[in-house]
Amino acid sequence: MIARMRKNSVTIAASCLAILLLTGCSTHLLGLLNPKGIVAFEERKLFFNTLALMLIVVLPVIIMSFTFVYHYQASHRTKDYKPNWSHSFFLESLWWGIPCVIIVVLALLTWKKTHEYDPFNKVTGYNQSSMVIQVIALPWKWLFIYPEHHIATINYLVIPIDQQIEYWITTDNVPMSAFFIPQLGSQIYTMTGMRSRLHLVATQIGVYDGMNTQFNGNGFSDMHFAVNVVTPEKMQQWLNETKKSPLHLTDQAYNELLHPTINDKPKFFSGIPNNLFENVVNTYMNSTGTAHPRSNLPRKE
Amino acid sequence: MLAQLLFGKLTLDAIPFHSPIIMGAFVFMVLIVIAVLFFITVYGKWAYIWNEWVSSVDHKKIGIMYLILSFVMFLRGISDVVLMRSQQAIAAGENLGYLPPEHYDQIFTAHGVIMIFFVAMPLMFALLNIALPLQIGARDVAYPYLNSLSFWLTFAGAMLCNASLVIGDFAATGWLSYPPLSELYYSPGVGVDYYIWSLQVAGVGTLLAGINFIATIFRMRAPGMSWMKMPVFVWSALCAMILVALAFPVLTVTLALLALDRMMGMHFFTDFAGGNVMLYINLIWIWGHPEVYILILPAFGIFSEVVATFSQKKLFGYTTMVWAIAIITFLSFVVWLHHFFTMGAGADVNSFFGIATMVIAIPTGVKVFNWLFTMYKGRIILATPMLWVIAFFTTFAIGGMTGVMMAVPPVDFQVHNSLFLVAHFHNVIIGGVLFGYFAGFIYWFPKAFGFRLHEKSGMWAFAFWVIGFYVAFMPLYVIGLDGFMRRNSHYANTLYQPYLIVAALGAALILIGIILQILQLFLSFKYRAFLRDHTGDPWNGRTLEWSIASPAPLYNFAVIPSVNSLDQLWVNKQLQIGEGKIHPNRLHYEAIHMPKNTPAGCIIAIFAGITGFALVWHMLIPGIVGLLGIIATVIAKSFITDTDYYIDAETVRRTELAHLKELAQCTVK
């Protein structure tokens, strides 16, 4: 009776999920299940390969657990009751051996793919020179700098399709955060005084969600940004337009950005200080004394 | 000046009079405490509580006190769940929900800290205390007074954590308080200090308890119980306690360094004055990963006992079981980096830790197959402890599978910090640890209290719990893959909302399950005469704890049993040793040497609690009073030489005869 109840619970949960999945049909999926870039696509493949490998063991376990419980209930008075049977060299070798083989396969796959998709390395198959975009996590907003074009944006990233982008990532005046565009690929932590690097290639035009994944204070939940993947022509057009933006990222404007704000609308800056990214990293790396480099900012809540 | 020395940073402003939720909770807590104190006074039970419980060094009573602590803190942890799940169900799009982030952030931090440190750990020590000495045929743990101290330190830590609800605030940093967020610059309030000192006080208690159980298992086993004749629960406890002894000092040091940063202006983990946040994150996980194995290993032990007992069959593959536990114990120390693959360590480092993590799946899988084949060709009794084990198989298999998937670094780059991760670790901690402890709780309840738990309400509780679990956590896997991160108090995209409403409904089902568990306790108490365990062996058990009366007499074993095989009691029953041959006149008993009760453990813990509170608020005088109090109590206690006594043979004889009489009547019936 209970075994049946237990089965029912699984069926109910499964059908609930199926309904949810269908109603939220695939075009609306925002993450790994609907990849729009090389890295995310490969990660999804790896995800399902791993799942399949694991199911080789997990499915039999689940099936056996229910069949054994059902069949060997005391009320069934089975004839083959063996109260003292507790060892079988063959069986035990089997379930030491098979998982070992699966893990060896998985380990080889892991070694290969971890090296292939190391965020610091270029994306395999895209050896062309990459475009650098510098990313600074600020108190609950993202600053994106296009160093070659001397423009910068807040919470809005425009990138060309099929172009390898090398993100340089750091943090200023906000605790450790993490830079992540789920549909394009890997996430990586952002830390003060350091430059993390991440290589991604977008393969489909569209607007995707980018976010911080590492809890970093009260504004965490809304620390999202839009990622707009466009054709190279559109990209050029956008760069030209943004270069005309009346907003300039002066030192004073940057200091303004260091104050905590939540859910900022996108902003576009033309004219950025030289080596802004490097200076931010160095502010922490070369900081002398024991006070936080930004502690002299008048903090407004 | 004096006020500064006495109260430090503490002022009346620290009490959030303006917050109705907190003040409501506060009034509720105060009312309960007053009610409890009132009834104790009315029934004149103060002396009883002080002498028989607070001062008790009896492992069985300390176990019950751990149970009560765990239960009370569980109610707090679960009310955090209600707040979080309802907030996430409504805070979509324009709607910001009813909890501001600064409040929500404290709730998810408190939820994690409470559930791990003050629910799961005390529940584990409760079961260890209740069952372990009895399983190895011992009369108590190796150091009974230390055992009492361990409990009261855990209690003091929990109370310090609870105090933060009303006086000041709790950490809003996540349950591991990563710097730089937990450093003074970003968290200038007392929240992180509460976190540090409640864990420090409780952590010392845990470490001492770990050492105590290691000594107990090494030195107190019944004659003849060699290593490979110990019940698997004892093996799993031994390995878990070795992990405690090795890992908890790391936690203590890590938190001490963070405290030095915050209190003394040092820079171990600052990111601008020579400190290194990665050092903290590495250290905390060098403790944190073994910690989850500290919780799961005893649960594995419980499954081994319960599966064998309720399948009425010998545990399959005992030797491989022991080796699997040993391998898991070792490997748990070499996988900590898988908690932060996204930190940017190179591919070599990430691959190493990823593969090391997967390797753990092998011994764990072996254990699962051994349990399955214990049921194979057995005769399975579907009593409530066994139901939890059956639910465990599927739930834990899913949780283990998603765990291995996240051990692949490129996959982790996608699901790290997402609700997929949250679903995974709830899948293993609820489906593995909690289901196991529930099974153990129902299984050993008669041994601790003398009557069984009410089965029918227990089955309903089980049904709601398991269905609720799947409804609550399966949607989280889906939206985790869909880019929904943990610790969000609000989300702009309303696409996620249906999933979170379903998750909230699941949580509601679990809540009904918990209410039914409380009802089960109530019904069991009401019908305790009917549910009385006359035999001391209600489940047809296999190990020594079932060879004595329920509840176990003060001295546990009138005569220390001798052991020459695994599952000694089962073997005895098969060979009918002792049956029908007991004649009261032939029984010979000797006086039993016992430790005397002492309130010293409780007093030291009270002073430790005062010290912790003083450190949180930078109160100089109370801090010194607390420290001196601890030292003075330890010294004063060491001068007391009257620490033991004998239970005379006649008392033992009378107690044993009473049990035998009950047993005989029961057999006649």
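Me: How many bridges join strand β9 of chain A to strand β10 of chain A, and do the two run parallel or antiparallel?
Reply: In this predicted model, strands count as paired if at least two bridges are found between them. Here β9 (residues 206-212) and β10 (residues 224-230) of chain A are joined by 6 bridges and run antiparallel.

Me: What is the order of the strands in the open sheet?
Reply: Reading across the sheet, the 5 strands of chain A come in the order β4-β10-β9-β6-β7, and their pairing is mixed. Because β4 (156-160) and β7 (188-190) of chain A each have a single partner strand, they stand at the edges, and one side of each is left without a neighbour in the sheet. On average, and with direction ignored, neighbouring strands of this sheet are turned by 30 degrees against each other.

Me: Moving on to the contact between the chains, how many residues does each chain bring?
Reply: Chain A brings 89 residues to the contact and chain B brings 91. Several helices of chain B each supply at least two residues of its side, including α5 (101-135), α12 (384-406) and α16 (497-526), while the largest share, 16 residues, comes from α11(B).

Me: Which classes of residue make up the side of chain B that touches chain A?
Reply: Sorted by class, that side of chain B has 59 nonpolar, 23 polar and 9 charged residues.

Technical notes
Residues numbered from 1 in each chain as written. Chains lettered and ligands numbered in written order. Predicted model: local features only at pLDDT ≥ 70, side-chain atom pairs only at ≥ 80, totals over all residues. Helix = DSSP H or I, 4+ residues; strand = E, 2+ residues; numbered from the N terminus. Axes fitted to C-alpha atoms, helices over the stretch in contact; angles between N-to-C directions. Contact = placed C-beta atoms within 7 Å. Nonpolar A, V, L, I, M, F, W, Y, C, P; charged D, E, K, R; others polar.
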